[in-house]
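Work through the two exercises below with the model in view, and compare each step of the solutions with what you see.

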Amino acid sequence: MIMSLSLLYRSRPCRQSNVLSRILALRSYSTTAPPVDGTLPLAGIRVLDMTRVLAGPYCTQILGDLGADVIKVEHPVRGDDTRAWGPPYAKYEDASQKGPGESAYYLAVNRNKKSLALSFQHKSGVEILHKLAKECDVFVENYVPGALKKYGMDYETLSKINPKLIYASITGYGQTGPYSNRAGYDVMVEAEMGLMHITGSRDGPPVKVGVAVTDLTTGLYTSNAIMAALLARMRTGKGQHIDACLSDCQVATLSNLASSALISGQKDSGRWGTAHPSIVPYRSYKTKDGDILFGGGNDRLFGVLCDRLGFPDWKSDARFVTNSDRVKHREDIDGLIEATTQQKTTKEWLDIFEGSGMPYAAVNDIQGTLNHEHVLARNMVTEVDHPACGPIKLVNTPIKYSEARPGVRTPPPTLGQHTDEILANFLQYTKDEISQLKTNGVVA
């Protein structure tokens, strides 16, 4: 059975009235967005998001997809760094509006959030953040360790204001260790922590992964850690500090390759492209118009491959009878397969292998993926109405629940779109007070 955290809170009678009142307050301040479905797992959880670029926003977007109410704090002039990362941009419907539009990069990781344009260089800005932190369940930041202390936004300060606060810090190299004060972009960590060394063609140079996968896995790890900390808080009543970093997450996701190196004590086998060091055939092969990937994970599947390619005699060839034989004669069998696959188009081979039980796949580009019949059938592309750009398409949340419908409830916000709403309805600032804050450059 799937139960929301807010429902689990209600199972503790001593906190029932407090939680219910907080959820009602949350709903009352969300005046423009449609109400959150009460069955969403994180309905009633408030997140104060002081992250930018990718790892942090990806983390908080996951929480937002699952029903949390996320307040994204942005610089009042520049906003999140990624607002300027383009092209491409979703163009503004109003031709008189300045700028190229909303950055596709920003749109990718900021749905289901509200934008508060605020400068914490001002004392009044810090006061607002302290008031928000007092009423929130989760605080997420991705500044260099110690950078927020001078603004009174460090864990020690906020935990005194709100002892139940889950405070998550996302950094390049963590809160401790010799590299802790380094700024860490994904590509640097990929290089430093082993991923780049094992990525690329067999005889080619090391290359980065096509997406910022270390940022993304760190966002995933952190969102998972936050949800675990919320469960722990139900038992203890206390919040805690989560120290998440790209370097640790990258080491963790070396997974079986790290295990092999630790157990053997030997140097890794380097880059393999789409091939596998221990399984043959297991790689992509050129076709008449593209590429196709086969995974012959055992001798039976290799037999299926031989039959469908039209060369059943390969099964009895002494060089290829067992996987270990094929590994020894990798170049021979790979050459034979590719000479065959190049005779037909990718689509022709897909039709030939349909229903065979053989693991196979076309190597699609991004447009091919987003228009793929299975992707569309799984509702992985959705359309929302953006307040400045009109209808835009976004990648949908990937996890399906039997008792909930996570998804894109609200589009990525424009800069400062919800500043007035949050200050007035959530913190009870008057119109005059908000106007003065804008005049002073505290908010926008």
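**Exercise 1.** Find which helix gives the largest share of the lining of the second largest pocket, and describe that lining.

*Solution.* The largest share comes from α10, with 6 residues, where helices are DSSP runs (H or I, at least four residues) numbered from the N terminus. Both α8 (213-236) and α10 (255-264) supply at least two lining residues each. In this predicted model, local features need pLDDT of at least 70 and side-chain atom pairs pLDDT 80 or more, while totals for chains, interfaces and linings use all residues. Residues are numbered from 1 along each chain as its sequence is written, and side-chain values use heavy atoms, without hydrogens and water.

Next, take the whole lining: 27 residues, of which Ile 198, Leu 254, Asn 256, Leu 257 and Pro 277 lie nearest the pocket's centre. A pocket is an open set of points on a 1 Å grid over the protein atoms alone, where a 1.4 Å probe fits, with protein on both sides within 12 Å along at least five of seven lines, and lining residues have an atom within 4 Å of a point.

**Exercise 2.** Decide whether Asp 65 is buried or exposed, and find its side-chain partners.

*Solution.* Asp 65 counts as buried because its relative accessibility is 4%, and buried means under 20% relative accessible area, exposed over 50% (1.4 Å probe, protein chains only). Then follow the side chain of Asp 65, which makes a polar contact of 2.8 Å with the side chain of Asn 112 and another, of 3.5 Å, with that of Thr 397. A polar contact is a pair of N or O atoms within 3.5 Å, one able to donate a hydrogen and the other to accept it within protein, and residues adjacent in sequence count only if both atoms are side-chain atoms.
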